Amino acid sequence: KNRTATSNESIVALDRAHVFHSWSAQGSLKPLVITGGSGSRAWDDEGRTYLDFSSQLINLNIGHQHPAVIAAIAEQAATLATVAPSTANLARGQAAERIVARAPEGFNRIFFTNGGADANENAIRMARLHTGRDTVLSTYRSYHGNTGAAIVATGDWRRMPNQYARGHVHFWGPYLYRSEFWATSPEQESERALRHLERTIQGEGAQTIAAVLLETVPGTAGILPPPPGYLAGVRELCDRYGIVLILDEVMAGFGRTGRWLALDGYDVVPDLITFAKGVNSGYVPVGGVIISDPIAADFDEQVFPGGLTYSGHPLAMGSIIGALDAMEREGIVDNAARIGADVLGPGLCALADKHPIIGEVRGEGVFWALELVSDRETREPVSAAVMGQVKSELVSRNLLTITQDNRIHVVPPCVVTDSEVAEALAIYDEVLELF
Ligand code: PLP
């Protein structure tokens, strides 16, 4: 009988009675109620509508309730709702074909997973088998998912209580605004970060290192587009030392940067690419690994020792086909690029001109961060208390945004319109005026 309850109060009460939430102490949670949505808006059943500049968990690239994705899922559900991964299924082949079409030359195979973490998990496994080596290098400023190797590859605080997988070493990636290398220009940051990576490789013993795992554009860690030459330099180091380069495109891929893959903006071709979120905007859980031909060939004769009951699940496959076709047909990735370059980027820079609390604006497409500081000179991050207030002031004005450390991540769906951006900018403006 509880399922007929629609008041926010009863939905929250039921949640608090039985649902255990991610990354939280459970005692004092008051989750927001969302019962519906369309495009960049989401709402509850009590008349409150939010402008969604969070894309939920930065996965909703195509926006809420896109009719083509819903229809593709429904059509697949009516045809065949589930089937074993060992079978050949047309939707699975077509979804894989569409993903391969967006990958660089020389990538022809997809291993489907349930989400982004297990995509990284399996990419790491492939890299270890390909090289016969153990160690995975990844950055302190990263998030790669919440499973065995993926959470230990992660750099941020979430790794620390979860360090049970072995064979992981971390290094510092480029981040000019808070440089670990005393750099004062992007070129210097790139060069010094590469030297630091090479010294880490040498210090660990190059012959022990299976993979360098990097987010093409680190997302959760601050939306950090790499400086010129960095990714090409990492590729060069990987080639020199026989290391597999894995680019994690889980957050940055499939439209968020205004490109189909974030790596399209850089002079780099990795060996493995992981994806999830934007590929179907999370309408059904899915992720996967895009595998380059030489690594795929390893498993022509050798057994690949990995699998999942729901690998290539038909409903997920239907949703990928529906989402990628609609994104192409409706120019949704181009919209993200245009919004970033012409509307959202300039709008955020104008806010920075006005509000000294904004220390830096960075990003592209629909993937932006506002770095909030108490002092522009020292770049001292604002306190957690200030960030808590910022978040609650934004939500109280019906704007959903992601706040992370001392940053606001401005990450609307790729379908966001000019007028929705104007609406959100006015809200950020009003809220930042309070601090
Ligand atoms: N990799 C990156 C870059 C991510 O941002 C995330 C999730 O935020 C993941 C991996 C993990 O994906 P999932 O939560 O689907 O397991």
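Me: Which helix gives the largest share of the shell around the ligand?

Reply: This is a predicted model. Helix α5 (residues 116-131) gives the largest share, 3 residues. In total, 16 residues surround the ligand. The closest are Gly115, Gly116, Ala117, Gly145 and Val250.

Me: How many residues of the shell are nonpolar, polar and charged?

Reply: The shell holds 6 nonpolar, 8 polar and 2 charged residues.

Me: Now a helix. Which residues of α4 are buried?

Reply: General idea: an α-helix has 3.6 residues a turn, so residues three or four places apart point the same way. Here, α4 spans residues 90-100, and Ala91, Arg92, Ala95, Ala96 and Ile99 are buried. They cover an arc of only 130° around the axis, which puts them on the same side of α4.

Me: On to strands. Are the faces of β9 covered or open?

Reply: General idea: in a regular strand the side chains alternate between the two faces of the sheet. In β9 (residues 272-275), both faces are covered. Leu272 and Thr274 are buried on one side, Ile273 and Phe275 on the other.

Me: Which strands does β9 pair with, and do they run parallel or antiparallel?

Reply: β8 (residues 244-248) runs parallel to β9, joined by 3 bridges. β10 runs antiparallel to β9, joined by 4 bridges. In β10, Ile273 stands opposite Ile290.

Key:
Residues are numbered from 1 along each chain as its sequence is written. This is a predicted model: local features need pLDDT of at least 70, side-chain atom pairs count only at pLDDT 80 or more; totals for chains, interfaces and linings use all residues. A residue is buried if 20 or more other C-beta atoms lie within 10 Å of its own, exposed if 12 or fewer, and partly exposed in between; C-beta atoms are placed from the backbone. Helices (H or I, at least four residues) and strands (E, at least two) are DSSP runs, numbered from the N terminus. The arc is that of the directions from the helix axis to the C-beta atoms. Two strands pair if DSSP finds at least two bridges between them. A residue is near a molecule or strand if its C-beta atom, placed from the backbone, lies within 6 Å of it. Ala, Val, Leu, Ile, Met, Phe, Trp, Tyr, Cys and Pro count as nonpolar, Asp, Glu, Lys and Arg as charged, and the others, Gly among them, as polar.
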